[in-house]
Amino acid sequence: MKKVKPEDLRSHRWFGRETMRSFNHRSRMAQLGVQESDYRGKPIIAILNTWSEINPCHQHFRQRAEEVKRGVWQAGGFPVEMPAMSIAEIFQKPSPLMYRNFLAMEAEELLRSYPVDGAVLMGGCDKTTPGLAMGAISMGLPFIFMPAGPMLRGNASGATLGSGTDMFKGWSELRAGTIDQQQWEDLLQGIARSPGTCMTMGTAATMMSAVEALGLTLPGASSIPAPDSRHAQMATATGKRIVEMVWEDLRPAQILTDDAFDNAVTTVLALGGSTNALVHLIALARRAGAKLDLDRFDELARATPLLANIRPAGKYLMEDFYYAGGLRAMMERIRVKLHANTMTVNGRTLGENIEGARVFNDDVILPLDKALLQEGSLAVLRGNLCPDGAVIKPAASEPRLHRHQGRAVVFRDYHDLSARIDDPNLDVDEDSVLVLQNAGPLGGPGMPEWGQLPIPKKLLQKGVRDMLRISDARMSGTSFGACVLHVAPESFVGGPLALVRDGDLIELDIPARKLSLLISDPEMAARRAAWKAPEPRYKRGYGAIFTQNVTQANEGCDFAVLADRSQIPEPDIF
Ligand code: FES
């Protein structure tokens, strides 16, 4: 149903008026080799492409952009591919999270400052999904997210390998001396063997699934493996649909309700998704003006079974998940937990989109009565060590540590940790609690994924594979272990984590959602009074902008100035 007329299009302001400036714009379109009939009076669709030669997860995006364009042309739109920052999770330092807000700004301002009527966002590698979506939500134009899709299963030495998860396991085994250098080399060659994102339930698969559950992708899009021919078909369908969305004026504000965010959280929990989802979904919700906080996460976690039997919590990989029916089938299985009447980009409700979706393998997408966990795949903790919250993924940790008390072994930063963790004289045993300070949003900076602190070598050799670990860092969704993450406020700004000393008793009680430093209040106050703030990490450049604006983990680590929902007027064109 067309609501918008050609003269209502945003791009009409650039091209449709009889002014000297409009003439100038059209003359430069002619310079680009296009005729006025190609674009005038038609929806101009920006294809924000986060392709880069150093992003292996997006290496198919040049081809996919062509397939999106094919769809836009067929539907009577005019496609314009625009490069946007490619955040390659694996390579970008000190932490890709620092650049998520950079990409969000770039996406928003590209859409605002150019003659664009609608957008296709091409992302998938961890931070690219929230980064692009945050910017596009703030701009408010019709958009569809086109997920990169997971890579194929890894394979080496006769074993199926999962991104991250099997590297972390292999590294522990190499250090314990149970695998040799050749097996380690074989793992390097076979663990990432096609285009696409990490294929465990890491942050990429989690966030691509989350935006589908929000209603921002075509139904089923997030589960399709990147090299599958159906992925190319989905790209073309996305291009066709965005043109219709512009005519229908279907905007993110109509899609991103409180219920839609509940759906995304519930879906992430049923998937056993990455803890990074807490940071990103809170940031997205704040951009959209929806209600979502850590307490809501925990409330939904207590009511959501873990059904996706995917590593690191389970056994399979995203390729298996797709063949088993993919996200639509899993959401159909938890339909009673979802708000089925939320709107999605194809103009239908979520309930309509998942109707009749079938599970083809009950061992990959488990039935409700055989869930890996009946509830609590993520848990939000509170206590005097994390007054503004912290998170743990009980599903990926040894149950003996779910209620645990132990003495702290404190590392003041990651340099200190690397220097001492394997020291044979380190005073540590399997009941100790490893504590890493200064790894949060400002301390890291950018909350690097250091939260899965390595087990000391001498304990690995004794067969220890999990310990309680606590930090203000994040953890890769592909990681596992009893790792308490996102402690807020962070130690770099004087949160209680900064005050922990070697030998302090720490108590974790996941069923009670408590994390406590067992020292007296006067002792805590004395340590606080003696604490000195460190020098900021950056004095200039983007690092300084980040330092001055970033919020804490429980607030989504967005820039306050970007999360602000005041209206920005359309640019003047004179
Ligand atoms: Fe790109 Fe994992 S490195 S998704």
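The structure holds 45 salt bridges, a salt bridge being a side-chain nitrogen of Lys or Arg within 4 Å of a carboxyl oxygen of Asp or Glu. Side chains of opposite charge can pair when their charged atoms come close.

This is a predicted model, in which local features need pLDDT of at least 70, side-chain atom pairs count only at pLDDT 80 or more, and totals for chains, interfaces and linings use all residues. Residues are numbered from 1 along each chain as its sequence is written, and side-chain values use heavy atoms, with hydrogens and water left out.

**Whole chain**

Display the C-alpha trace, which spans about 80 × 55 × 45 Å along its principal axes.

Now colour by accessibility: 61% of the 574 residues are buried. Buried means under 20% relative accessible area, exposed over 50%, and partly exposed in between, with a 1.4 Å probe and protein chains only.

**Glu108 and Arg287**

Select these two side chains, which form a salt bridge at 3.8 Å, N to O. Glu108 is in helix H5 (residues 97-113) and Arg287 in helix H13 (residues 276-288), so the pair links distant parts of the chain, 179 residues apart. Both Glu108 and Arg287 are buried.

**Arg382 and Asp295**

Next, select Arg382 and Asp295, whose side chains meet in a salt bridge at 2.9 Å, N to O. Arg382 lies in the loop between strand E7 (379-381) and strand E8 (390-392), and Asp295 in helix H14 (residues 294-301), so the pair ties together parts 87 residues apart in sequence. Arg382 is partly exposed, at 29% relative accessible area, and Asp295 is partly exposed at 43%.

**Asp416 and Arg420**

Move to helix H18 (residues 414-420), where Asp416 and Arg420 sit four residues apart, about one turn of the helix. Their closest N and O atoms are 2.8 Å apart, in a salt bridge. Asp416 is buried at 8% relative accessible area, while Arg420 is partly exposed at 27%.

**A network**

Finally, select Glu89, Asp126, Lys127, Glu449 and Arg474, which are linked in a network of salt bridges.

Methods:
Helices (H or I, at least four residues) and strands (E, at least two) are DSSP runs, numbered from the N terminus.
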